[in-house]
Amino acid sequence: MNAQELLQRYAAGERDFNTTDLSGVQLREVNLRGSSLKNAILFKADLSGANLVDVNLNGVIFRQANLTEVCLAGAKLAGADLSEAKLINADLSGANLWRVTLKKLFSRVPIWIEQTCIRRI
């Protein structure tokens with residue numbers, strides 16, 4: 001699936017994009033609030049500035065993805081792979097980060113999630 005098809009389907013009211021391969025897509029500043037991308041592949045995707053509030057991202061592969069200034073407030077990220085992702089100025093407040101992989105995560109500063117600080121690995 002490409003970015004245009006995803007956005008058209010979202011605009012038409014579809015919210016279930018589970019297991020979709022979106023490797024390398026450009027989704028800058030997209031609004032996917034309330035959708036489900038469980039077990040999707042977003043390898044090298046550009047989601048900078050995206051609104052992913054309350055999105056189900058459990059098991060998603062974000063390897064080498066650009067997540068700069070993305071809003072992940074309340075997102076479900078259990079088991080997600082954020083290895084080598086750019087996570088700069090991202091909002092992770094209230095996000096479920098259980099068993100998230102953060103190997104070689106790129107962040108200029110420590111990431112603050114409410115009162116917990118995650119340091120780069």
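Select serine 83 to begin: this residue is buried, with a relative accessible area of 1% (buried means under 20% relative accessible area, exposed over 50%, and partly exposed in between, with a 1.4 Å probe and protein chains only). You'll find serine 83 in the loop between α1 (3-11) and β1 (111-113); helices (H or I, at least four residues) and strands (E, at least two) are DSSP runs, numbered from the N terminus.

A word on what you're looking at: this is a predicted model, where local features need pLDDT of at least 70 and side-chain atom pairs count only at pLDDT 80 or more, while totals for chains, interfaces and linings use all residues. Residues are numbered from 1 along each chain as its sequence is written, and side-chain values use heavy atoms, with hydrogens and water left out.

Stay on serine 83 and show its surroundings. Its side chain makes a polar contact with the side chain of aspartate 81 (2.6 Å); a polar contact is a pair of N or O atoms within 3.5 Å, where within protein one must be able to donate a hydrogen and the other to accept it, and residues adjacent in sequence count only if both atoms are side-chain atoms. Leaving aside residues up to four places away in sequence, serine 83 touches Phe62, Arg63, Gln64, Thr101 and Lys103 (contact means heavy atoms within 4.5 Å).

Next, pick leucine 57. Which residues does leucine 57 touch, not counting those up to four places away in sequence? Among them are Leu37, Phe62, Leu72 and Leu77.

Now for the charged pairs. Side chains of opposite charge can pair when their charged atoms come close. The whole structure has 5 salt bridges, each a side-chain nitrogen of Lys or Arg within 4 Å of a carboxyl oxygen of Asp or Glu.

- Select arginine 28 and aspartate 46: they form a salt bridge, with the closest N and O atoms 2.7 Å apart. Both sit in the loop between α1 and β1, 18 residues apart. Arginine 28 is exposed at 52% relative accessible area, whereas aspartate 46 is buried at 9%.
- Move on to aspartate 54 and arginine 33, whose side chains meet in a salt bridge (4.0 Å, N to O). Both lie in the loop between α1 and β1, so this pair ties together parts 21 residues apart in sequence.
- Finish with glutamate 14 and arginine 9, joined by a salt bridge (2.7 Å, N to O).
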